[in-house]
Amino acid sequence: MFERSMVSSLVKEMELICGENNAEKVLEVTISLGSLSGVEEDNLKYWFQNMTKGTFAEDCKVTIERENAQIYCKACDCHGPPPYPLLMCMNCKSYDVEILSGDMVNIENMALI
Ligand SMILES: [Zn+2]
């Protein structure tokens with residue numbers, strides 16, 4: 001399960017940050033969700049609730065910020081958002097593109113106690 005392992009590493013990362021800050025509990029977390037990450041917002045929330053049950057992050061408030069992808073086109077030397085859901089140049093329709101951002105799920109912010 002792709003989303004499950006994605007969330008599992010998020011939770012591990014949160015645990016690390018908690019440890020570094022000597023925090024006991026996560027009150028709130030903001031997660032940026034790249035439009036090319038392949039993760040559905042609903043599934044992300046579902047697995048997050050599922051995997052934080054009984055942990056330091058149980059019942060914390062989850063805010064999800066969608067991050068629009070940016071690509072670079074090698075054919076016409078431009079960058080911008082690809083025409084969703086296609087991964088191609090919005091200008092010249094070339095598929096010779098590089099993903100600059102938007103293919104990750106990251107922790108943006110956390111409120112700890
Ligand atoms: Zn192009």
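This is a predicted model: local features need pLDDT of at least 70, side-chain atom pairs count only at pLDDT 80 or more; totals for chains, interfaces and linings use all residues.
I call a residue buried if 20 or more other C-beta atoms lie within 10 Å of its own, exposed if 12 or fewer, and partly exposed in between, with C-beta atoms placed from the backbone. Residue numbers start from 1 along each chain as its sequence is written.

**Overall look**

I counted 2 helices and 6 strands in the protein. Helices (H or I, at least four residues) and strands (E, at least two) are DSSP runs, numbered from the N terminus. The elements run α-β-α-β-β-β-β-β from the N terminus on. The radius of gyration, taken over C-alpha atoms, came next. I get 17 Å, well over the 13 Å from the globule rule for 113 residues, so the protein is more spread out than a compact globule. That rule is 2.2 Å times the number of residues to the power 0.38. Along the principal axes, the C-alpha atoms fill a box of roughly 50 × 25 × 20 Å. Of the 113 residues, 18% count as buried.

I also looked at contacts (C-beta atoms, placed from the backbone, within 7 Å). Taking those between residues at least 6 apart in sequence, 70% join residues at least 24 apart.

**The sheet**

I found an open sheet of 3 strands, in the order β2-β1-β6, with mixed pairing. Two strands pair if DSSP finds at least two bridges between them. At the edges sit β2 (61-67) and β6 (105-112), each pairing on one side only. On average, neighbouring strands here are turned by 20 degrees against each other, direction ignored. Angles in these notes otherwise run from 0 to 180 degrees between N-to-C directions, with axes as lines fitted to C-alpha atoms, for helices over the stretch in contact.

Strand β1 (residues 26-34) pairs with β2 in the parallel sense over 7 bridges. I picked out one facing couple: V29 stands opposite V62 in β2.

**Helix α1**

Helix α1 (residues 2-20) packs on the sheet, touching β1 and β6, and its direction makes about 40 degrees with that of β6. I checked its length: 19 residues reach 28 Å from first C-alpha to last, close to the 27 Å expected at 1.5 Å a residue. The expected span is 1.5 Å times one less than the number of residues.

Its buried residues are M6, V7, L10, V11 and M14. Down the axis they fall within an arc of 135 degrees, so they line one face of α1. The arc is that of the directions from the helix axis to the C-beta atoms. Among the exposed residues on the other side I noted R4, K12 and E20. The cover over the buried residues of α1 includes β1, α2 and β6. After α1 comes N22, with a positive phi near 50 degrees.

**Helix α2**

Helix α2 (residues 41-52) lies across β1 and β2, at about 150 degrees to β2. Its 12 residues should span 16 Å, and the end C-alpha atoms are 16 Å apart, which agrees.

Here L44, W47, F48 and T52 are buried. They cover an arc of only 115 degrees around the axis, which puts them on the same side of α2. D42 and N50 are exposed on the face turned away from that buried side. I see α1, β1 and β2 in what covers the buried residues of α2. G54 follows α2, and its phi is positive too, near 75 degrees.

Key:
Two residues are in contact if their C-beta atoms, placed from the backbone, lie within 7 Å.
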